[in-house]
Amino acid sequence: MGMLEIRSVDKLYHSRGKPPVHAVRALDMEVKQGEIVALLGSSGCGKTSTLRMIAGFESVSAGSIALAQRPIHDLPPAKRKVAMAFEGYSLYPPLTVRENIGFALKAQQLSRAEIAQRVDSIARLVEIEDILDHHPRALSGGQQQRVSLARALVRDADLYLLDEPMGQLEPQLRAVLRGRIKGLLAERGMTAIFVTHDQTEASALADRIAVMEDGVLQQFGSERELKNRPANLFVASFIGEPPMNLLDMAVAQEEGGFRLSVGSDLAFHISRQTLDVTGQQALVQAERTKVGIRPQRIAIGSGEARLRIVSNQWLGDQSHVAGECAGHLLVAVTSGKIAARPGDIVPCALEARNLHIFGADGVCVRHAEAR
Amino acid sequence: MDHSSLAGRIFRGIALALVLVFFMFPIVWILLMSFQSNEQILRIPPRLLFEPTLANYEALISGQLKTAAGNLQLTFMRNLMNSFILSSASVILALLLGVPAAYAFARFKFKLGETIAFTLLSFRFAPPLLVLLPLSLYYQQLGLNDTYFGIVWVYQLIALPLILWIVRGYFEDISPDIEHAYRLAGHSWREAFTRIAVPLAGPGIAAAGLLSFIFCWNNFVFALILASADKQPVTVGALAFVTASGIQYGQIAAAIVLSVTPTLLLALYAQRYLVEGLSLGAVKG
């Protein structure tokens, strides 16, 4: 049994004179005790609605939410044992930073010494010891965000919800805090869900990432799973930097498998053995199919395909090479410098084992070989 | 325009002085009149220099008006008291009803919400005379004629929309997440309203309260029609100085000075809030 169990949750927003907005559809999710989960997606994908339903600021239109084996979707927020850091900080203006952080502890009737000790220790963690006696109005956005984060993390709760917890911080501080917060959560075995649109943050902080789009949970897994075994076209193109190259290919059956091709320039043989039943069915039925390959899996300098260079950038530790191949724009990432100028034609290797193949409905029917 | 040039500054000074004279002259003149006897006031041409007298104020405070036709009983102090009672009670009632309503309109979308809010505001558009005739008939039927309660009730037409719309703007300015954070920390919805929303909207509530106090205080027609002498506020009470033996200009002036003073002091004291409250109420919504 999970710490948090979300079962078939729907969220519909009704507004007068407009069709209802289906913000979250049939969401099923289970978060284990002590796990850190990222809700990742573009804005409007339903991630914040999900968070607010867990906290109790939005009602669930259908389905159930249970936290530590208690159904909580009908409880008022005060009774859910959930702590939350808000995207808009939402500090209490008349209170100092110290009072803001200690506020919920005071309501828990902890001793004054205990409160002071806990506030100080969390303040040290997010580097706000020097502003503890300031009022929120006098703080910068980044400082307010850290206070808001501290106010959530200082509490004893079954679940911590963090809405874009580090959006306003400078990159350097963000990297430092990520590590510390992850350490704190792990050390205390705290279960946390945070919302972000930043993949780096999701990979750095989360044990598992839930990718949402259009109110639908697309895939829920570790970063490695999302990268190596994307469930569908959306996850494949959303996760990874630069994004996966997608090619539209013609399908034909041939001896021992299938032939995928783009014109006469590029062709692959996909052996039947590498496909499961659904994969074979999908290819038998299809005339064309989408095929994806990660930029990191395209080798430049050798191979049978030809790439006409469009741009070639050295980023200091890797090259991003964009070029045209069989009517598609492909991006390749290599660890070494490539000596090629726009207009040059260079050989490149695209291998059948590195291809992800997607069915007509966008579901991935064959993943690239793991490396 | 260069505001710091000498010509500019002189021009500005003159313009300000003109505006000031235009608006302040009647008040100053009334103040001067209140220290003169009726004969002095009616002198032609009027003089700026005169021997001041406190007779008008004495008459008002003692309640005895000596006229050529004999002594007249004045209820001015009672009227002043009535003004206080009616205005304060109206504002308190309007705050009790209006602040929670404003919160509801600011926070929750509900059926007909905007329509109800606008209907309440529309009471401010309608001329009071429009409702007075039917109202006085109802009041006679209900036995509310000439009661404090009846007047306080009808004053809600003035105070309630004002409070509702100004305070609503303030509530809308407060991020709901502040209340959410408070509720997550283990507090009920009611506590979030009384301990977070209301204190944060405090300046707006104060401004709205002051404004409605002033508007209630200055009201004339409602009390004129719906109340008799012992329940009437100063605005109506001043009519008593139009006597059979002539109009008592001196006492009228003194009465005006006395009745304007409390609201004037209140407005001066809370000037900053008032301007803020008014502009916020005007822009928002």
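Good morning. Seven bridges join strand E16 (residues 319-325) of chain A to strand E17 of chain A, and these two strands run antiparallel. Strands here are DSSP runs of E with at least two residues, helices are runs of H or I with at least four, and both are numbered from the N terminus. Two strands count as paired if DSSP finds at least two bridges between them. Within this pair, A:Gly323 stands opposite A:Leu330 in E17(A).

A word on the source. This is a predicted model, in which local features need pLDDT of at least 70 and side-chain atom pairs count only at pLDDT 80 or more, while totals for chains, interfaces and linings use all residues. Residues are numbered from 1 along each chain as its sequence is written, and chains are lettered from A and ligands numbered from 1 in the order in which they are written.

Both strands belong to an open sheet of four strands in chain A, with the order E17-E16-E15-E18 and antiparallel pairing. Its edge strands, E17 (328-334) and E18 (345-349), each pair on one side only.

The hairpin of E11(A) and E12(A) has two residues between the strands, and A:Gly256 takes a positive phi near 80° in it.

Next, helix H5 (residues 171-188) of chain A. Which residues of H5(A) are buried? They are A:Leu177, A:Ile181 and A:Leu185, where buried means that 20 or more other C-beta atoms, placed from the backbone, lie within 10 Å of the residue's own, and exposed means 12 or fewer. These three cover an arc of only 65° around the axis, which puts them on the same side of H5(A); the arc is that of the directions from the helix axis to the C-beta atoms. On the other side, the exposed residues include A:Gln172 and A:Glu187. The buried residues pack against strand E3 (36-40), strand E8 (192-196) and helix H6 (199-205) of chain A.

Finally, the interface. 14 residues of chain B are in contact with 17 residues of chain A, contact meaning C-beta atoms, placed from the backbone, within 7 Å. The largest share of the chain B side, six residues, comes from H8(B).

Thank you.

Definitions and conventions
Contact = placed C-beta atoms within 7 Å.
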